[in-house]
Amino acid sequence: MGFYLRKLFTIFKGEVLVLPSRVAVLLFFLVLLLLPVVSQDPYLLRILILTSIFAIFAASWDLLSGFTGQMNFGHALFFGVGAYSAALLNLHAHLPPWGSIPLGALAAVLAGLIIGIPCLRLRGTYLALTTLAFPIILMGVVFAIPQVTGGELGISGLARISGSRLGDYYITTVLMLGLCTIMWKITDSNTGIIFHAIREDELAVRTAGINTTRYKLLAFCLSGFFAGISGGLYAHFMRIAGPSTLEVSMSFTVVIWAIFGGIVTIYGPVAAVFILFPLLEFFRFWPEFRMLMFALVILFILLYMPNGLIPWIRDKIETECPRCKIRNVATRKTCRVCTAALD
Amino acid sequence: MILDIIINGLIGGSIYALLAIGFSLIYGIARIVNLAHTAFYMVASYCIFVGTSKLGIHPGWAMLAAVFLVTLLGLISYKLFIDPIREHEAAVLIATIALAIALQEVMLLIFTGDYLSVPSLIDGYRTIFRVKVFNQQMLTFGAALAILAALWLLLKKTRLGLAIRSSAVAREVATLMGMNESRVAMITMGISVGLAALTGAVIVPLTTLSPFMWMPPMIMMMAVVVLGGMGSIKGSFAGGYILGFAESLVVFLIPMGAFLKGSVALSIMILVLVIRPQGLFGIAFEEER
């Protein structure tokens, strides 16, 4: 027992504490989980719940568009389908949230398949601009059949996620941390490597005997699933599923978050949401200038860090060993594994 | 009824064609997906509003001034925000979205969200087959055709047009042939934004102004560009009229059509793309590697 504890401690010291980025992730987990001990301000919890929901959403965009390079400009479709299906299931089939949210996510997977199949033949900008169309088409349908969807007002009066604000907070935060870890693990697996390769050079992947069509569809479905969960959570937290979940600005916002944080990382978009969403709330002190400041912050940060904020910071505090490709703290003179000189 | 459909289709189609050609020009030359394109159209409309309602100058002069000012604004914002990050396609994409939002918010601050309108250039109407056609509608359609013709002449008959078209086909070869690529991109950006401003100028007497007026035409414009084929002027022209007529047919023939017009037009685009992934007139590029 003591041996394993000591081994665990050694691994912790040797693998986590040596890199500032890993310490930052650890602190992020701890702060999120322990925050209610310090403050249970309902407004603060509300912002953090919404931030967590959108963090899942932004990370799911990265999983599809960042990793496989299939630029999806209509990601709100998954969010909206997830929200509306969860709402309809909750109201008409009287399913509790733990049933309606996963089923709503499955509906979003179905939506991913439906839009994925025609989109497979398109690439690049064509794909981006075509996917933009899908949520708008669905929105037209939502407005055209108000007896089912509630039209402009949406479907309201859904069940709460849990009884209390604190319960909501823990459910969404733990789900966010868990789902984002799963997404990060997916991108780190063999499947994730194939996703990377499809983005870099699809022809080469096909030449290697890999069915890229199947993997692209898989990416659409996975991303749709996670985005659908965030949509369902949003609907149940706000207790309303309205057409705002399908708006163009929703699709654009997720792209802004993900690219601002740095794509092809999963942690980048999550961090970006945790920076930008509370920032937008903070700008509420000057309501007229809120969106303008948001836009200007993005414009100026991009000018200096076109690859996104988080990769830029990570490059500043860590260097990659030229010989063994292992990351080191920027303050070290030699690599921590192979002792090659770092420069 | 039929004439109503035709008039609305022709005007809507011309506007979409004008916007789409401007958007597709800058995409073809510099690979910039300028999502702020219709935001410049919105700014131009507001400039004309200020000129006619606040300063009291003749609408014609106000339009010229608006086109000039907005082109200048477009070039400045291109130099400041787009040019330094041109190598990063994703960053350019959200920089243009942020630019559009910034322009929208500035207009919202100055003019508030109220709906405003601009007097028409010429008053009155004439009756064709017992249907009232406003002179302004005829003028808008005529002006749109004239601008399209002028653009066609510029692209096909001048040396600048040759430079633009060749940069669109093969950027590297054009550079090797001694064309200043960044200057061509700059000039094209100017033409593109100028076209957006001109579109705003011709349509503004027929619509109401609001800071959010850029969003719906932007989506249709992108649908037109994709439908016609990226970078193809002919395609944008045809696509503009196809979607313009589709919209006006849906509005007049289907109940609840006003809600569904966007959906139907975009569904047509998706259907075409499923059959022809490169759009109607687009060239199937070899995979860029």
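Analyst: Begin with the domains of chain A, whose bounds come from an automatic or database domain assignment. Chain A is divided into domain 1 (1–31 + 308–343) and domain 2 (42–305). This is a predicted model, in which local features need pLDDT of at least 70 and side-chain atom pairs count only at pLDDT 80 or more, while totals for chains, interfaces and linings use all residues. Residues are numbered from 1 along each chain as its sequence is written, and chains are lettered from A and ligands numbered from 1 in the order in which they are written.

User: How many residues of domain 1 of chain A are in contact with domain 2 of chain A?

Analyst: Two residues are in contact if their C-beta atoms, placed from the backbone, lie within 7 Å. By that rule, six residues of domain 1 of chain A are in contact with 13 residues of domain 2 of chain A. Helix α15 (residues 309–317) of chain A gives the most to the domain 1 side, with four residues. Helices (H or I, at least four residues) and strands (E, at least two) are DSSP runs, numbered from the N terminus. By class, that side of domain 1 has five nonpolar, one polar and no charged residues. In this scheme Ala, Val, Leu, Ile, Met, Phe, Trp, Tyr, Cys and Pro count as nonpolar, Asp, Glu, Lys and Arg as charged, and the others, Gly among them, as polar. The C-alpha centres of the two domains of chain A lie 31 Å apart.

User: Which residues is A:Pro20 in contact with, leaving aside its neighbours within four places in sequence?

Analyst: They are A:Ile317, A:Glu318 and A:Val329. A:Pro20 itself lies in helix α2 (residues 20–38) of chain A. A:Pro20 and A:Thr319 are 299 residues apart in sequence, yet their C-alpha atoms are 11 Å apart in space.

User: Why does A:Pro20 count as partly exposed?

Analyst: A residue is buried if 20 or more other C-beta atoms lie within 10 Å of its own, exposed if 12 or fewer, and partly exposed in between; C-beta atoms are placed from the backbone. A:Pro20 counts as partly exposed because it has 17 C-beta neighbours inside 10 Å.

User: How is a helix checked for length, and is α11 of chain A enclosed or open?

Analyst: The expected span of a helix is 1.5 Å times one less than its number of residues. Helix α11 (residues 212–238) of chain A has 27 residues and should span 39 Å; its end C-alpha atoms are 38 Å apart, which agrees. Of those 27 residues, 19 are buried, so α11(A) is largely enclosed by the rest of the structure. A:Arg239 follows α11(A) and has a positive phi, near 60°.

User: Where else in chain A is phi positive in a residue that is not a glycine?

Analyst: One case is A:Val264, with a phi of about 60°. A:Val264 sits in the loop between α12 (248–261) and α13 (267–282) of chain A, and is buried, with 21 other C-beta atoms within 10 Å. Another is A:Thr339, whose phi is near 55°. A:Thr339 is found in the segment after β4 (327–329) of chain A and is exposed, with 12 other C-beta atoms within 10 Å.

User: What does chain B contain, in helices and strands?

Analyst: Chain B has 11 helices and two strands, in the order α-α-α-α-β-β-α-α-α-α-α-α-α along the sequence. Buried residues make up 49% of the 289 residues in chain B.

User: Where does chain B touch chain A, and which helix supplies the largest share?

Analyst: 38 residues of chain B are in contact with 34 residues of chain A. On the chain B side, α4 (89–111), α9 (215–228) and α11 (257–275) each supply at least two residues. The largest share, 12 residues, comes from α4(B). By class, this side has 31 nonpolar, four polar and three charged residues.

User: Is α9 of chain B mostly covered or mostly open?

Analyst: α9(B) is mostly covered, with 11 of its 14 residues buried. Among them are B:Pro217, B:Met218 and B:Ala223. From its first C-alpha to its last, α9(B) reaches 20 Å, close to the 20 Å expected. After α9(B) comes B:Gly229, with a positive phi near 110°.
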